[in-house]
Amino acid sequence: MNTLDLVSYGPVIPVIVIDRVDDAVPMARALVAGGVRVLEVTLRTPAALQCMEAIIAGVPDAIVGAGTVRSKADVQAAAKIGCRFAVSPGYTSAIGQACRDAGLPLLPGTATAGEVMQANADGYRFLKFFPAVQAGGIAMLKALAGPFGDVVFCPTGGITVETAPQFLALPNVKVCGGSWLTPAGAVAAQDWDRITQLATAASALRAA
Ligand code: 3PG
């Protein structure tokens with residue numbers, strides 16, 4: 001898979017933090033029921049890998065990627081359990097090499113022109129822009145469009161259902177990331193209907 005294929009599934013990639021393995025499959029089913037199939041499960045909890053394994057086995061319509069990939073060990077663990085892609089918060093050539101060695105498509109995080117150039121030099125043209133709002137938001141994405149006209153971004157960080165359409169309206173943005181589809185309170189309450197509602201609303205987002 002080419003990571004740019006991910007944009008064809010919808011305008012938002014949820015950034016998911018899961019603590020309890022028992023929540024993984026119902027949460028993924030709730031998101032898929034709302035039309036959100038591409039799921040970034042962050043490697044931020046001890047249960048993350050087990051959660052991804054459970055989703056991969058139990059929710060075949062989900063396209064599961066590992067988020068917060070920071071090391072070669074993270075890459076190898078994600079590839080071993082069958083993740084379809086990886087997302088890193090920043091970019092180093094080492095993480096790119098680890099992903100290529102593991103056959104794992106990478107959506108590399110960038111926040112500066114220098115990081116974009118490093119990722120471009122290693123062959124990446126579809127990049128996460130993180131943390132999007134904190135690193136300059138829409139104005140920064142417009143500025144990056146000048147020198148990097150062939151680069152497509154997935155801004156992530158600080159984006160909401162209200163602001164996502166403004167990001168999606170930018171020519172160099174094809175998809176946004178965000179954690180708002182899986183609020184901690186809804187997950188704690190196992191309010192899967194709420195997550196399906198949020199996913200349905202996210203699926204329907206269009207450029208402003
Ligand atoms: C993250 O890495 O946590 C993502 O950027 C999500 O950010 P958000 O919670 O601001 O959507």
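Biologist: Where does glutamine 190 lie?
Modeller: Glutamine 190 sits in the loop between helix H8 (184-188) and helix H9 (192-203). Keep in mind that this is a predicted model.

Biologist: What's its phi, given that glutamine 190 is not a glycine?
Modeller: Positive, about 50°. Glutamine 190 is partly exposed, with a relative accessible area of 41%.

Biologist: Is threonine 68 buried or exposed?
Modeller: Buried, because its relative accessible area is 14%, and the cut-off for buried is under 20%.

Biologist: Switching to peptide bonds: which one is cis?
Modeller: The bond from phenylalanine 130 to proline 131, with omega near -10°. Proline 131 is in the loop between strand S6 (126-129) and helix H6 (137-145).

Biologist: Now helix H4. Which of its residues are buried?
Modeller: H4 covers residues 93-102, and the buried ones are Ile95, Gly96, Ala98 and Cys99. They line one face of the helix, because they fall within an arc of 160° seen down the axis of H4.

Biologist: What do those buried residues pack against?
Modeller: H3, strand S4 (85-88) and strand S5 (106-110).

Biologist: And which exposed residues are on the face turned away?
Modeller: Ala94 and Asp101.

Biologist: What follows H4?
Modeller: Glycine 103, with a positive phi near 70°.

Terms used
Residues are numbered from 1 along each chain as its sequence is written. This is a predicted model: local features need pLDDT of at least 70, side-chain atom pairs count only at pLDDT 80 or more; totals for chains, interfaces and linings use all residues. Side-chain values use heavy atoms; hydrogens and water are left out. Helices (H or I, at least four residues) and strands (E, at least two) are DSSP runs, numbered from the N terminus. Buried means under 20% relative accessible area, exposed over 50%, partly exposed in between (1.4 Å probe, protein chains only). The arc is that of the directions from the helix axis to the C-beta atoms. Contact means heavy atoms within 4.5 Å.
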